[in-house]
Amino acid sequence: MKKLLGEQRRQFLLEKIKTANEPITGSDLAALTNVSRQVIVGDMTLLKAKGEPIIATSQGYLYLMDRTTEKASRRIACRHLAEDTELELKLLVEAGVTVIDVSIEHPVYGELTAGVHVSNVQEVEAFMKRIRDTGASYLLELTDGTHLHTITGPDNETLDQAVNAMREHGFLLEDSE
(Lines give C-alpha, C1' and ligand atoms only; values in the text may rest on other atoms or scores of the structure.)
Protein backbone atom coordinates (compact mmCIF):
# COMPACT_ATOMS: atom_id res chain seq x y z
CA MET A 1 0.00 0.00 0.00
CA LYS A 2 1.22 3.49 -0.75
CA LYS A 3 1.85 5.93 2.06
CA LEU A 4 -1.34 7.64 3.18
CA LEU A 5 -1.03 11.30 4.09
CA GLY A 6 -2.57 13.45 6.82
CA GLU A 7 -6.33 13.64 6.97
CA GLN A 8 -6.80 10.78 4.50
CA ARG A 9 -4.71 8.51 6.76
CA ARG A 10 -6.59 9.60 9.89
CA GLN A 11 -9.94 8.84 8.23
CA PHE A 12 -8.64 5.42 7.18
CA LEU A 13 -7.42 4.74 10.74
CA LEU A 14 -10.73 5.87 12.21
CA GLU A 15 -12.70 3.51 9.95
CA LYS A 16 -10.30 0.66 10.72
CA ILE A 17 -10.71 0.89 14.49
CA LYS A 18 -14.45 1.64 14.30
CA THR A 19 -15.08 -1.60 12.43
CA ALA A 20 -12.58 -3.79 14.29
CA ASN A 21 -13.86 -6.47 16.65
CA GLU A 22 -10.74 -6.27 18.80
CA PRO A 23 -8.01 -3.73 19.58
CA ILE A 24 -5.51 -2.96 16.82
CA THR A 25 -1.89 -2.21 17.74
CA GLY A 26 -0.15 0.95 16.67
CA SER A 27 2.44 -1.19 14.87
CA ASP A 28 -0.28 -2.96 12.85
CA LEU A 29 -1.87 0.37 11.94
CA ALA A 30 1.54 1.73 10.95
CA ALA A 31 2.11 -1.23 8.64
CA LEU A 32 -1.33 -0.75 7.05
CA THR A 33 -0.65 2.92 6.30
CA ASN A 34 3.09 2.66 5.54
CA VAL A 35 4.11 5.14 8.27
CA SER A 36 5.91 4.83 11.59
CA ARG A 37 4.24 3.86 14.85
CA GLN A 38 5.08 7.35 16.17
CA VAL A 39 3.02 8.88 13.34
CA ILE A 40 0.10 6.65 14.37
CA VAL A 41 0.40 7.84 17.99
CA GLY A 42 0.22 11.44 16.74
CA ASP A 43 -2.75 10.63 14.52
CA MET A 44 -4.63 9.01 17.41
CA THR A 45 -3.91 12.05 19.58
CA LEU A 46 -5.34 14.35 16.88
CA LEU A 47 -8.43 12.15 16.47
CA LYS A 48 -8.99 12.16 20.26
CA ALA A 49 -8.62 15.96 20.28
CA LYS A 50 -11.46 16.10 17.73
CA GLY A 51 -13.65 14.21 20.19
CA GLU A 52 -13.38 10.68 18.81
CA PRO A 53 -13.83 8.14 21.65
CA ILE A 54 -10.55 6.33 21.02
CA ILE A 55 -8.63 4.72 23.83
CA ALA A 56 -5.23 3.11 23.90
CA THR A 57 -5.22 -0.20 25.77
CA SER A 58 -2.41 -2.63 26.41
CA GLN A 59 -3.74 -4.65 23.45
CA GLY A 60 -4.03 -1.72 21.04
CA TYR A 61 -6.44 1.04 20.03
CA LEU A 62 -10.21 0.75 20.54
CA TYR A 63 -13.12 2.87 19.40
CA LEU A 64 -15.61 3.03 22.27
CA MET A 65 -18.81 4.26 20.65
CA ASP A 66 -21.52 1.57 20.74
CA ARG A 67 -18.97 -1.15 21.47
CA THR A 68 -20.64 -2.60 24.52
CA THR A 69 -23.99 -4.01 25.49
CA GLU A 70 -23.06 -3.77 29.14
CA LYS A 71 -25.68 -1.89 31.12
CA ALA A 72 -24.31 -1.78 34.68
CA SER A 73 -21.18 -0.09 35.99
CA ARG A 74 -19.55 0.17 39.41
CA ARG A 75 -16.29 1.33 41.01
CA ILE A 76 -14.83 -1.07 43.53
CA ALA A 77 -12.07 -0.46 46.07
CA CYS A 78 -9.42 -3.18 46.15
CA ARG A 79 -6.20 -4.00 47.98
CA HIS A 80 -3.72 -6.76 47.25
CA LEU A 81 -0.09 -7.38 46.37
CA ALA A 82 1.23 -6.80 42.86
CA GLU A 83 1.71 -10.55 42.37
CA ASP A 84 -2.04 -11.05 42.89
CA THR A 85 -3.00 -8.81 39.94
CA GLU A 86 -3.47 -11.63 37.44
CA LEU A 87 -5.65 -13.59 39.87
CA GLU A 88 -7.69 -10.47 40.63
CA LEU A 89 -8.33 -9.72 36.96
CA LYS A 90 -9.21 -13.34 36.18
CA LEU A 91 -11.66 -13.45 39.11
CA LEU A 92 -13.40 -10.40 37.72
CA VAL A 93 -13.63 -11.47 34.08
CA GLU A 94 -14.61 -15.03 35.01
CA ALA A 95 -17.50 -13.51 36.98
CA GLY A 96 -18.66 -11.93 33.70
CA VAL A 97 -17.50 -8.33 33.99
CA THR A 98 -15.19 -6.10 32.00
CA VAL A 99 -12.44 -4.31 33.93
CA ILE A 100 -12.41 -0.85 32.38
CA ASP A 101 -9.63 0.83 34.34
CA VAL A 102 -7.55 1.07 37.48
CA SER A 103 -7.18 4.24 39.58
CA ILE A 104 -5.10 5.28 42.54
CA GLU A 105 -5.00 8.37 44.71
CA HIS A 106 -1.47 9.79 44.34
CA PRO A 107 -0.25 12.22 47.03
CA VAL A 108 1.09 14.70 44.46
CA TYR A 109 -0.86 14.15 41.23
CA GLY A 110 -4.25 13.30 42.70
CA GLU A 111 -6.26 10.58 41.01
CA LEU A 112 -4.34 8.66 38.36
CA THR A 113 -6.32 6.36 36.07
CA ALA A 114 -5.08 3.89 33.49
CA GLY A 115 -7.10 1.84 31.03
CA VAL A 116 -7.17 -1.92 31.48
CA HIS A 117 -10.06 -3.01 29.21
CA VAL A 118 -10.07 -6.77 29.74
CA SER A 119 -13.22 -8.88 29.54
CA ASN A 120 -11.96 -12.45 29.21
CA VAL A 121 -9.10 -14.66 30.37
CA GLN A 122 -7.20 -14.35 27.07
CA GLU A 123 -7.22 -10.55 27.33
CA VAL A 124 -6.03 -10.78 30.94
CA GLU A 125 -3.17 -13.06 29.88
CA ALA A 126 -2.21 -10.68 27.04
CA PHE A 127 -2.33 -7.74 29.48
CA MET A 128 -0.11 -9.57 31.97
CA LYS A 129 2.34 -10.60 29.24
CA ARG A 130 2.65 -6.97 28.19
CA ILE A 131 3.36 -5.95 31.80
CA ARG A 132 6.05 -8.63 32.07
CA ASP A 133 7.56 -7.91 28.64
CA THR A 134 7.86 -4.18 29.29
CA GLY A 135 8.85 -4.42 32.96
CA ALA A 136 6.14 -1.86 33.72
CA SER A 137 5.10 -1.23 37.31
CA TYR A 138 1.55 -1.54 38.58
CA LEU A 139 -0.15 1.64 39.83
CA LEU A 140 -1.02 -0.18 43.06
CA GLU A 141 2.69 -0.30 43.89
CA LEU A 142 2.48 3.45 44.58
CA THR A 143 -0.26 2.98 47.19
CA ASP A 144 0.66 -0.20 49.08
CA GLY A 145 -1.84 -2.16 47.01
CA THR A 146 -4.87 0.12 47.40
CA HIS A 147 -6.66 0.93 44.14
CA LEU A 148 -10.04 1.26 42.42
CA HIS A 149 -11.43 -0.54 39.39
CA THR A 150 -14.32 0.49 37.20
CA ILE A 151 -16.16 -2.67 36.20
CA THR A 152 -19.06 -3.08 33.80
CA GLY A 153 -21.42 -5.94 33.13
CA PRO A 154 -24.81 -6.83 31.70
CA ASP A 155 -26.62 -6.25 35.02
CA ASN A 156 -26.14 -5.52 38.72
CA GLU A 157 -26.37 -9.20 39.63
CA THR A 158 -23.25 -9.90 37.55
CA LEU A 159 -21.44 -7.02 39.24
CA ASP A 160 -22.50 -8.42 42.63
CA GLN A 161 -21.03 -11.82 41.69
CA ALA A 162 -17.73 -10.17 40.77
CA VAL A 163 -17.66 -8.20 44.03
CA ASN A 164 -18.38 -11.37 46.01
CA ALA A 165 -15.53 -13.20 44.26
CA MET A 166 -13.20 -10.35 45.22
CA ARG A 167 -14.47 -10.44 48.80
CA GLU A 168 -13.95 -14.22 49.05
CA HIS A 169 -10.30 -13.82 48.03
CA GLY A 170 -9.71 -10.92 50.41
CA PHE A 171 -9.11 -8.44 47.57
CA LEU A 172 -12.06 -6.16 48.31
CA LEU A 173 -11.30 -3.14 50.48
CA GLU A 174 -14.24 -2.71 52.83
CA ASP A 175 -15.11 -0.85 56.00
CA SER A 176 -13.97 -2.84 59.01
CA GLU A 177 -16.14 -1.06 61.56
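**A tour from the annotated site to the domain boundary**

Select histidine 149 to begin: this residue is buried, with a relative accessible area of 3%, where buried means under 20% relative accessible area, taken with a 1.4 Å probe on protein chains only. The model is predicted, so local features need pLDDT of at least 70 and side-chain atom pairs count only at pLDDT 80 or more, while totals for chains, interfaces and linings use all residues. Residues are numbered from 1 along each chain as its sequence is written, and side-chain values use heavy atoms, without hydrogens and water.

Histidine 149 lies in strand β6 (residues 146-153), strands being DSSP runs of E with at least two residues and helices runs of H or I with at least four, numbered from the N terminus. Beyond its neighbours within four places in sequence, histidine 149 is in contact with residues including Arg74, Cys78, Glu88 and Asp101, contact meaning heavy atoms within 4.5 Å.

Next, select His80, Glu88, His147 and His149, which an unreviewed UniProt entry marks as "binding site"; such annotations may be inferred rather than shown by experiment. They span 70 residues in sequence, yet no two of their C-alpha atoms are more than 12.6 Å apart, so they gather at one spot.

Now move to glutamate 88 in helix α4 (residues 85-94), which is buried with a relative accessible area of 1%. Setting aside neighbours within four places in sequence, the contacts of glutamate 88 include His80, His147 and His149.

Finally, colour domain 1 (6-63) and domain 2 (73-169), whose bounds come from an automatic or database domain assignment. Their C-alpha centres lie 25 Å apart.

Note on methods. Buried < 20%, exposed > 50% of the residue type's maximum accessible area, 1.4 Å probe, protein only.
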